[in-house]
Amino acid sequence: MSKFEYVSIDYSTAGNVLANNHLNRYFINSGFRKNAELMEYVEMTKKGSVVFKAGSGRYNLLLVGGVHGDELASQAALIRLMHNIIQGNMKIKCRLHIVPFLIPYTTMYNSRNYNDKDMNRNAHLDGITKKIVDYAQNNNITALCDCHTTDPDKKPGFASVFCSARPLFDSIKIAKHICIDTSSRILPISDAGSILKGAVEDESNLRGIPSVTCEAVSPSGNLYEDSVDFSYMQICSFLDYFGVI
Ligand SMILES: [Zn+2]
């Protein structure tokens with residue numbers, strides 16, 4: 001029986017993520033290539049942005065990766081989570097929605113931007129990042145975790161979690177939990193959207209869905225196991241906040 005249901009939210013973002021050599025090598029070395037069910041799901045992203053859904057419970061949680069296509073460790077961490085759920089190594093006590101590759105096209109090209117745009121500054125305008133926030137709203141998502149990595153030579157450059165105090169203080173509470181669990185640094189702002197416009201996290205908070213952005217340290221466009229481990233730990237801590245793992 002298939003572990004995940006799935007729904008496409010955009011066809012224009014299509015790309016072959018395994019044409020990204022770093023990611024492909026990681027898939028081979030981690031044994032993901034041998035997980036036929038997982039590979040079927042990855043294959044689907046050749047047709048665009050897909051949300052994978054599994055489990056049931058009181059909460060509806062959404063994990064997003066690949067808003068920046070060259071941040072490979074967080075996308076790999078979400079694939080690891082899907083792999084573990086399929087293998088039965090991870091039991092989830094909620095309705096979990098996972099988007100490992102929000103923009104397969106940019107992951108394929110190991111690119112931060114999509115059509116020359118930083119999509120994490122675009123979620124207030126029409127496009128794929130707005131679509132994922134729309135999805136969250138239309139599917140009664142309880143909370144959203146946007147999974148990124150930060151290059152050690154760029155900002156923030158250290159393991160961290162972005163959040164905001166208003167309009168939803170839950171954003172701060174979730175971030176605090178992840179920071180204590182993983183020794184990440186909390187990066188709070190007072191009002192969502194007041195510093196940057198169009199981040200998935202800010203737009204989600206503004207629309208009533210508590211949200212955080214997790215940053216694991218990893219050189220952009222590269223993929224190392226310890227960065228995947230760290231991103232995975234942040235993701236598990238987000239789930240742990242809701243008591244669903
Ligand atoms: Zn990012």
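Pro 156 sits in the loop between β5 and β6 (160-166), where helices (H or I, at least four residues) and strands (E, at least two) are DSSP runs numbered from the N terminus. The peptide bond that leads from Lys 155 into Pro 156 is cis, with omega near -5°. The model is a predicted one, in which local features need pLDDT of at least 70, side-chain atom pairs count only at pLDDT 80 or more, and totals for chains, interfaces and linings use all residues. Residue numbers start from 1 along each chain as its sequence is written.

Another cis peptide bond joins Arg 166 to Pro 167, with omega near 5°. Pro 167 is placed in the loop between β6 and α6 (170-182). Most peptide bonds are trans, and most residues other than glycine have a negative phi.

Asn 110 is not a glycine, yet its phi is positive, near 55°. With 19 other C-beta atoms within 10 Å, Asn 110 is partly exposed. On this scale a residue is buried if 20 or more other C-beta atoms lie within 10 Å of its own, exposed if 12 or fewer, and partly exposed in between, the C-beta atoms being placed from the backbone. Asn 115 lies in the loop between α4 and α5 and has a positive phi of about 50°, although it is not a glycine. Asn 115 counts as partly exposed, with 14 C-beta neighbours inside 10 Å.

The strands come next. Eight of them form an open sheet with mixed pairing, in the order β1-β2-β4-β3-β5-β8-β6-β7; two strands pair if DSSP finds at least two bridges between them. At the edges stand β1 (5-10) and β7 (185-191), each with a single partner strand, so one side of each has no neighbour in the sheet. From one strand to the next the twist averages 20°. This and the other angles run from 0 to 180 degrees between N-to-C directions, with axes taken as lines fitted to C-alpha atoms, for helices over the stretch in contact.

Strands of a sheet pair through backbone hydrogen bonds, either parallel or antiparallel. The pairing of β3 (residues 60-65) with β5 (residues 143-150) is parallel, over five bridges. There the bridge partner of Leu 63 is Cys 145 in β5.

Helix α5 (residues 128-138) packs on the sheet, where it touches β1, β2 (49-54), β3, β4 (95-99) and β5, and its direction makes about 135° with that of β1. Contact here means that the C-beta atoms of two residues, placed from the backbone, lie within 7 Å. Asp 134 belongs to helix α5 and counts as partly exposed, with 14 C-beta neighbours inside 10 Å. Asp 134 and Ile 9 are 125 residues apart in sequence, while their C-alpha atoms are 9.8 Å apart in space.

Helix α3 (residues 72-87) has 16 residues and reaches 22 Å from its first C-alpha to its last, close to the 22 Å expected at 1.5 Å a residue; the expected span is 1.5 Å times one less than the number of residues. Of the 16 residues of α3, 13 are buried, so this helix is largely enclosed by the rest of the structure.

The axes of α3 and helix α8 (residues 225-241) come within 8 Å and cross at roughly 65°. Ala 73, Ser 74, Ala 76, Ala 77, Leu 78, Arg 80 and Leu 81 of α3 make the contact with Ser 227, Val 228, Ser 231, Tyr 232 and Ile 235 of α8.

Towards the end of the account of α3 comes Ile 86, which lies in this helix. Ile 86 counts as partly exposed, with 19 C-beta neighbours inside 10 Å. Leaving aside neighbours within four places in sequence, Ile 86 is in contact with Lys 3, Asn 35, Glu 37 and Leu 38. The C-alpha atoms of Ile 86 and Val 42, 44 residues apart along the chain, are separated by 13 Å. Just after α3, Gly 88 takes a positive phi of about 80°.
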